[in-house]
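Below is a short report on a few local features of one protein model.

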Amino acid sequence: MLRWFHALMPREERFFDLFARHSEAVAAGGKALRDMLEGGDAVPLHGKIVMDREHDADDVTREVLIAVRRTFITPFDRGAIKDLITAMDNAIDQMHKTAKTIMLFDQRSFTLQQKQMGDAIVAAAALVQEGVPLLSSINSNAGRISRIAEQLSKIEGQADELHDAGMQELYRASLPASSLAFFVGAEIYDHLEKVVDRFDDVANEIHGIVLEQV
């Protein structure tokens, strides 16, 4: 009965606009983080962009959480809305942490695997930017959303492999003299891996919404 009643009530559609805005910030943050990995002067220049986009995303997250409390009929479960925006925000927060770590250690050069992990982040962010707006018409877009979730999980697995291969190469390159170089490189690898892990969390959330709604 309650489901039938909710179906008759007009939905608050601005959540989809907010999700889209957040996904744009995530995509821009991912691109800026990848640009940082080109090294040299690109590090401080694009590091600032990552910080700015993270602040933009925080503003949108705040709007979503306020709207959840104030809106009578939400487009889907309130808990799912909170979990999705939190997962998206965790992704760009982790980008922020990665950029801060790079700048803290004044790192100006990066390995091939680190750059490839940056490529994975850009690809994952683009999928989120595509997938989140599709939630406004879940029934007609369920198949595409599910495929996007699967692609995000696949990217996460590929990034894990890059992390492991890169760490092994870093260890060999750092012997026998530079434990500091290994420590700094390992920190960057771990942060990059966590960014991709957070995108896998987003995949789980959007897939869960599809299963709940369809």
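## Positive patch

Arg 69, Arg 70, Arg 78 and Lys 82 form a surface patch of positive charge. Patch members have over 30% relative accessible area and no salt bridge, with like charges joined within 9 Å. Charges are placed at NZ of Lys and CZ of Arg. Areas follow the Shrake-Rupley method with a 1.4 Å probe.

At least two patch residues come from each of α3 (42-70) and α4 (78-104). Helices are DSSP runs (H or I, at least four residues), numbered from the N terminus. Arg 78 sits in α4. Its relative accessible area is 31%, so Arg 78 is partly exposed. That class lies between buried (under 20%) and exposed (over 50%).

## His 191

Helix α7 (residues 179-213) holds His 191. His 191 is buried because its relative accessibility is 13%. Its side chain makes a polar contact of 3.1 Å with that of Thr 101. Such a contact pairs N or O atoms within 3.5 Å, one able to donate a hydrogen and the other to accept it.

## Gly 39

Gly 39 is in the loop between α2 (14-36) and α3. With 10% relative accessibility, Gly 39 is buried. Gly 39 and Phe 110 are 71 residues apart in sequence, yet their C-alpha atoms are 6.6 Å apart.

## Basis

The model is predicted: local features need pLDDT of at least 70, side-chain atom pairs count only at pLDDT 80 or more, and totals for chains, interfaces and linings use all residues. Residues are numbered from 1 along each chain as its sequence is written, and side-chain values use heavy atoms, without hydrogens or water.

How values were computed. Patch = residues over 30% accessible without salt bridge, like charges linked within 9 Å, V, L, I, M, F, W, Y side chains within 5 Å. Salt bridge = Lys/Arg side-chain N within 4 Å of Asp/Glu carboxyl O. Lys, Arg positive; Asp, Glu negative; His and termini not counted. Buried < 20%, exposed > 50% of the residue type's maximum accessible area, 1.4 Å probe, protein only.
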